[in-house]
Amino acid sequence: MMVCDMCGEPTLIAARSDPEAFASFYRLFERRVLGFFMRATRRADLAADLTAETFARAIESVESYDPARGRADQWLFGIARNVLGSSYREGRVQCTARARLGLPRLVLDDHVSETIARLTEGEEQATVALARLPREQQHAIHARVLEDRDYAEIAGELLCSEAVVRQRVSRGLRTLRARLAGEQ
Amino acid sequence: MSIIPQLERDLLEAASRRLSSSDDGPAESSRSHPGVRGRARRLRLPVLAFGGLLASTAIALAASGVILSGAPVRPGGSPNPIVGEGVPTPGASRLLPLRVPDPEGGPPWGMRIVSTTRGEVCVQIGRIQHAQLGELGIDGVFHDDGRFHPMSADVLPETSRIGTSLSNNDATESVSCHLAGQAVAGEHLGVGRSAGGANGHVQSIARRELRNLAYGLLGPAAVSVSYHDGNTPHTALVLAPIGAYLIVQRAAPAEQVASGQEGLGTEGDLPPSPPLTAITYRIDGKLCRRGPVEPPGTAAHLTGECPQPHFSTGQLVRTRDLHRPVHVRLQISRHVVTGAEVRFIAPFAVTGARENYTIDIPTAPCHGSLGEGFVGSRLDRNVAAGALVTSRLAYPFENACGRRSVTIEVRYSTEPGAAPVLVGRTAVREPVGARPGPPMRQVTPGPHGP
């Protein structure tokens, strides 16, 4: 079975028996999960609490994670989506897993709150600009820039040569830079 | 270096605590009382050995079409038509024509849709014999009598509605309820193959004898679901027009038992959650596929991807304040605050599960904390407009951060999505000389302390 190193699978599998590995898993995805919730709620405090609940639920179900059924990042964001959905339904941030695990209340100082709030700064513009690129350039930029994958791997997946992938990334980024610069 | 170092430390300690507690026994429920664990296990052994024999017999008999019927399944708890999920609406339950074989044979698995008096739809999964949904008397269920126990359409066993706590942690999680009109995709992991409540036995049953049930009601736009069975990809058509599907697989080794998750959404928008890898919808006459929710910034490499759904945001923060009076009376016994009684006049009726009143105690700002959310309770029952509502809270000062007063808020919400209405709020002060009552939740100190 293929193990996706970049998706946190080895770390998550190790976390079944090693708490330190779970802390590494948290560090690996903290920024992305906080960004996910910032985008949804636009409030740093809610994003932090939702993130805490998401990772608390991840601790509770790490034993059931099966790499054959999906990547670790997809598994984690599936939990995050459920936490967000149930929080919307209940009209409050879910805290059941944190309560079960006995996690204390989060204390955020101004610096941390500002750091969280800044995670999605300028993202909307970039997302909109990215969505306006040709589809093959979007895929190439996602895979290379956001997923940090090798050109060879991307080429294999997109059934084209490495040179073509490099060209798509290069052209796409050039267009993005030009559009974002033009909008400022 | 993480952005929230405190959370990293807390998670590390929680993971350590959980791991050290799980070392005590491979699959014991975290809710089991440590003091009785050994005794319970010893008592179970002969029962399980006997049950294993009967199980094999029952399944073998079933394969030849001869399985005796036993006593019907009784409802769990004390169902009330105007509280919680309510009770099944007479004549509104439907056994779906889905028949899914069990990996070991025997009666196939099936699914029933139960509509309740509070406007919920419950998905009930069980074994099927003679066009009846039921449970098998194996694996500790029904005293291992090896019989088929039909479940009448007006029976709703103990439910596992998302967001509520279960009274136990065993195989009774084969029912889930949600609001009518919502699309749902969920899974129950490590359910007993009896399909019934194993009263804790499921924790001691070999994983290969447990089942993972994936189910969903995806709505009329759904066409098929894709998933993996081991490394083999499968695609199955859903049952039109409600988009129902049911997948039964053996539980994987080392998988957590008696757990589950559920994704809810609008029809046509709901993405797949494990074990599904994709859902094919027909939107505006065209077939398209929706993949799992990807982490932000990740491309979903699906061909023929469905258009992105529109999610509204910001609903958590918009609140209308009615400024209605809310009365709170502390319940004090021998100088100990044991709880609080909250009373208010309901400005709006609650006629079903879609509407609700909640009584919240917002977390007080504590050493710079921006809040963990709320402590409080949900009414979860029907109320007439203008009625006097009385509700009891446990010790209300638990999260007061050392202060002697808290604010209690009453909110009204309609689900899903509408902004909650703040009915009113009031401050309540802990009397001088009073001592705190029992905490609302138990926090078990681990090796590093909470």
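In this predicted model, four strands of chain B form an open sheet in the order 10-9-13-14, with antiparallel pairing. Strand 10 (232-237) and strand 14 (286-290) of chain B stand at the edges, and each has a single partner strand, so one side of each is left without a neighbour in the sheet. From one strand to the next, the twist averages 20 degrees.

- Strands of a sheet pair through backbone hydrogen bonds, and the pairing is either parallel or antiparallel.
- Strand 9 (residues 222-229) of chain B runs antiparallel to strand 10 of chain B, and six bridges join the two.
- Within this pair, S224(B) stands opposite L237(B), a residue of strand 10 of chain B.

**Other strand pairs of chain B**

- Strand 16 (residues 327-333) and strand 17 (residues 336-345) of chain B run antiparallel and are joined by seven bridges.
- V328(B) has V342(B) of strand 17 of chain B opposite it.

**Helix 2 of chain A**

- Helix 2 of chain A covers residues 19-41 and bends by about 50 degrees at F29(A).
- R42(A) follows helix 2 of chain A and has a positive phi, near 60 degrees.

**Helix 2 against helix 3 in chain A**

- The axes of helix 2 and helix 3 (residues 44-61) of chain A come within 8 Å and cross at roughly 140 degrees.
- That angle makes helix 2 of chain A oblique to helix 3 of chain A.
- The crossing of these two helices of chain A is right-handed.
- On the helix 2 side of chain A, the contact is made by F22(A), Y26(A), V33(A), L34(A), F37(A), M38(A) and T41(A).
- On the helix 3 side of chain A, their partners are A44(A), L46(A), A47(A), L50(A), T51(A), T54(A), F55(A) and I59(A).
- By class, this contact between helix 2 and helix 3 of chain A has 12 nonpolar and three polar residues, and no charged residues.
- An α-helix has 3.6 residues a turn, so residues three or four places apart point the same way.

**Helix 3 against helix 6 in chain A**

- Helix 3 of chain A also packs with helix 6 (residues 110-118) of chain A, at an angle of about 90 degrees and with the axes 9 Å apart.
- Helix 3 and helix 6 of chain A are therefore roughly perpendicular to each other.
- Helix 3 of chain A contributes A44(A), D45(A), A47(A) and A48(A) to the contact, while helix 6 of chain A contributes S113(A), I116(A) and A117(A).
- The residues of this contact between helix 3 and helix 6 of chain A divide into five nonpolar, one polar and one charged.

**Backbone details in the loops of chain B**

- Most residues other than glycine have a negative phi, and most peptide bonds are trans.
- H130(B) is not a glycine, yet its phi is positive, about 50 degrees.
- H130(B) is found in the loop between strand 3 (120-129) and strand 4 (132-136) of chain B.
- A240(B) and P241(B) are joined by a cis peptide bond, with omega about 0 degrees.
- P241(B) lies in the loop between strand 10 and strand 11 (244-250) of chain B.
- P274(B) and P275(B) are joined by a cis peptide bond, with omega about 5 degrees.
- The loop between strand 12 (259-265) and strand 13 (276-283) of chain B holds P275(B).

Notes: Residues are numbered from 1 along each chain as its sequence is written. Chains are lettered from A and ligands numbered from 1 in the order in which they are written. This is a predicted model: local features need pLDDT of at least 70, side-chain atom pairs count only at pLDDT 80 or more; totals for chains, interfaces and linings use all residues. The bend at a residue is the angle between axes fitted to the seven residues ending there and the seven starting there. Axes are lines fitted to C-alpha atoms, for helices over the stretch in contact, and angles run from 0 to 180 degrees between N-to-C directions. Angles under 35 degrees count as roughly parallel, over 145 as roughly antiparallel, 65 to 115 as roughly perpendicular and the rest as oblique. A crossing is left-handed if the near helix is turned anticlockwise from the far one by less than a right angle, and right-handed if clockwise. Two residues are in contact if their C-beta atoms, placed from the backbone, lie within 7 Å. Ala, Val, Leu, Ile, Met, Phe, Trp, Tyr, Cys and Pro count as nonpolar, Asp, Glu, Lys and Arg as charged, and the others, Gly among them, as polar. Two strands pair if DSSP finds at least two bridges between them.
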